[in-house]
Every structure is written in structure tokens, then in C-alpha cells.
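Reader: I would like to learn how to read nonpolar and aromatic features in a model. Can you take me through them?

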Amino acid sequence: MVDVAALVIAVVLFVILSPGLLLQIPGDERPLEFTNSRTSLASVIVHAVVFAILFYLLQLLFHVHGGT
């Protein structure tokens, strides 16, 4: 059975870190804006980098193995 922890971590982080849903870094007018439902290229890149770092760290923390 494949370990589904990596999938669960990815889905939760994706929902939490979707630019403009809960927060946007960098915002249009301020460095951090909450629930503005707008995105920019800079915010998409920042959120993608934060997602990748957190995903990697959470996999290390929970000892997730992606094998079969």
C-alpha cells in the first residue's frame, strides 16, 4: 500500500498556501495582505517556494517515504 501521507500534506499545504485565498505575500499594496482573492506573478512564485520548502520539511518531520 502506498503511503498517502505525502498526498495529504500536499493537499493541505496547497489549500492553505493558495495565493489570495488566506493570504498573499507580497500583496498589491502591502507586504502581506489577507483574503484579497487577487494574485500576481510575484505572489505565485513566493507561494510556490514556500510550498516546496514546507512540503520538504514536513516530509522529513513525519518520516514520509514515497515508495510502494
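This is a predicted model: local features need pLDDT of at least 70, side-chain atom pairs count only at pLDDT 80 or more; totals for chains, interfaces and linings use all residues.

Reader: Which residues make up the largest nonpolar core?

Author: The general idea comes first. In soluble globular proteins, nonpolar side chains tend to be buried together. Here the largest nonpolar core has five residues: Ala6, Ile9, Leu13, Leu17 and Val64.

Reader: What is Ala6 in contact with, leaving aside its neighbours within four places in sequence?

Author: Ala6 is in contact with Phe55, Gln59 and Val64. Val64 is itself a member of that core.

Reader: Which residues form a nonpolar patch on the surface?

Author: The patch consists of Val4, Leu7, Val8, Val11, Val12, Phe14, Val15, Ile16, Leu21 and Leu22. Together they have about 900 Å² of accessible area. Take Ile16, which lies in helix α1, residues 5-16. Its relative accessible area is 39%, so Ile16 is partly exposed.

Reader: Now the rings. How many aromatic pairs does the structure hold?

Author: One. A pair of aromatic rings is described by the distance of the centres and the angle of the planes.

Reader: Why is the pair of Phe51 and Phe55 stacked?

Author: The ring centres of Phe51 and Phe55 are 5.9 Å apart. Their planes are at 5 degrees, so the pair is stacked; the cut-off for stacked is under 30 degrees.

Reader: Where do Phe51 and Phe55 lie?

Author: Both lie in helix α2, residues 41-61. They are four residues apart, about one turn of the helix.

Reader: What is the relative accessibility of Phe51, and what is the relative accessible area of Phe55?

Author: Phe51 is at 23%, so it counts as partly exposed. Phe55 has 21% and is partly exposed. Buried would need under 20%.

Terms used
Residues are numbered from 1 along each chain as its sequence is written. Side-chain values use heavy atoms; hydrogens and water are left out. A nonpolar core is a set of buried Ala, Val, Leu, Ile, Met, Phe, Trp, Tyr and Cys residues joined through side-chain atoms within 4.5 Å. Buried means under 20% relative accessible area, exposed over 50%, partly exposed in between (1.4 Å probe, protein chains only). Contact means heavy atoms within 4.5 Å. Patches are made of residues with over 30% relative accessible area and no salt bridge: like charges are joined within 9 Å, nonpolar side chains (Val, Leu, Ile, Met, Phe, Trp, Tyr) within 5 Å. Accessible areas come from the Shrake-Rupley method with a 1.4 Å probe; for residues, only the protein chains shown count as cover. A salt bridge is a side-chain nitrogen of Lys or Arg within 4 Å of a carboxyl oxygen of Asp or Glu. Helices (H or I, at least four residues) and strands (E, at least two) are DSSP runs, numbered from the N terminus. Rings of Phe, Tyr and Trp (its six-membered ring) pair if their centres lie within 6.5 Å; planes under 30 degrees apart count as stacked, over 60 as edge-to-face and the rest as tilted.
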